[in-house]
Amino acid sequence: MPPRPNSVEARDVAHHLHPYTNARRHEEIGPIVMAKGDGVYVEDIDGKRYIEAMAGLWSVAVGFSEQRLVDAAARQMAQLPYYHSFTHKTHAPVVDLAEKLIALAPVPMSKVHFTNSGSEANDLIVKLLRYRSNALGEPARKTIISRLRGYHGVTLASASLTGLPNNHASFDLPGEGVVHTMCPHYWREGEAGESEEAFAARCAAELRATIEARGPETIAAFIAEPVMGAGGVVVPPPTYWAEIKAVLADYPDILFVADEVICGFGRTGEMFGSTYYGLEPDIMTVSKALSSSYLPISAVLMNEKVYGPIAEESARIGTFGHGFTASGHPVAAAVALENLAIIEERGLVANARERGERLQSGLRTLSGHPLVGEVRGIGLIAGVELVTDKEKKIAVQPPGALAAKAFGLIQERGVISRAIGDTLAFCPPLIITDDQIDTVVATVRDGLDALA
Ligand code: PLP
């Protein structure tokens, strides 16, 4: 139905180009206008309530109505609403947050640099790696290996790292210096008769072959999400990370970057995805659950191997020529600190682990449904990949049409998921309860039944 004249919906259609939206389709159907949030729920302007089973965009760890975050923001607004960190200036919230992140990190980290989005953080990583290689007198070492289906953002550099066709098509991407290797999606990419272990070994062999084909001296880093999110919730086979670590161990000059933008701060049932898999990143990107996305903030954590040469190079040039007006914004930093305190005080990482078991087992009860190809996930992140032909693992054309329909039916019934290709993604706030999980699962089943 087209939006009513002069409604918020109509004015939105008139003036707003939405991210990740088919603009012409939006003109036809208009938006859903959200009015408020409360715990795991959001409510639209017509008073319809939804369980936000995606925590917004994999973000709102502590729920939608956390007064402590509002108070932390108000206090900091009143005290020092803005200051920057350029040229030797600082303020307490940014110092406290840097210190806190280093304390939480799963491996020894040396410094934290603040940015405002996951994309900016990953964009900076491309620049940091170039800067560092130049500092080390290794100008040829600039290529970054990323993975197909990996998601690292949408700026020119971070979208190049991203391994998804829609982020490249018509933007003339990926750009120079990025090469993509295999996605560890066994159910989709495993060959007939290939075991999960053999598939994981093949992924690692391809990484090694890519390094060797390009020349190890040209590779600056390998970047990966511990569990892929926006690529369709891809949980790697159990032996995958050990295999990848073994390859990287043979090339000590190639750095490992963990993109923890989704996994960070409890999502997997551990504080970081790197903790879950025993990864030892040289660089980590965090955002989203860092502030529960109440305010935009992201950070790049780096170890001494990364920081040392960068500091030297900045001394040689006279400055580290990078930074945003809002880098380490005091209000965002204060909110992030309070948010991390809540995650710790309320045991939300443990809640993600415990409630995660219920979400995973609940969704797996859908495995026998005629439209469900695979259910996968860990902790409070899950994907349900839909098919119309289980044996051939294919869905109706065009790609994504089936999940889009299922998504709509489930949303009508009061649960917001996310359709990624033909996968429905779930990533609820870490405060979710067993009852709310049961409602999510029952609603998904109901929506799928309506489609079958
Ligand atoms: N990295 C990962 C793993 C993400 O999931 C995302 C966003 O979903 C990003 C980076 C980009 O973050 P942002 O949307 O804040 O730019």
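In which sense do strand β7 and strand β8 pair, and over how many bridges? Select residues 219-224 for β7 and residues 255-259 for β8: they run in the parallel sense, joined over 4 bridges. Strands count as paired if DSSP finds at least two bridges between them; helices (H or I, at least four residues) and strands (E, at least two) are DSSP runs, numbered from the N terminus. Show Phe222 too, and you'll find Phe256 of β8 opposite.

Before moving on: this is a predicted model, where local features need pLDDT of at least 70 and side-chain atom pairs count only at pLDDT 80 or more, while totals for chains, interfaces and linings use all residues. Residues are numbered from 1 along each chain as its sequence is written.

Now bring up the whole sheet. It is open, has 7 strands in the order β4-β10-β9-β8-β7-β5-β6, and its pairing is mixed. Click on 111-115 (β4) and 178-181 (β6): these are the edges, each with a single partner strand, so one side of each has no neighbour in the sheet.

Contact here is C-beta atoms, placed from the backbone, within 7 Å. Then pick helix α9, residues 196-214, lying across β5, β6 and β7.

Finally, zoom out and colour by domain: domain 1 is 32-62 + 347-451, domain 2 is 70-345, with bounds from an automatic or database domain assignment. Between them, 26 residues of domain 1 are in contact with 23 residues of domain 2. On the domain 1 side, α14 gives the largest share, 5 residues.

Conventions:
Contact = placed C-beta atoms within 7 Å. Axes fitted to C-alpha atoms, helices over the stretch in contact; angles between N-to-C directions.
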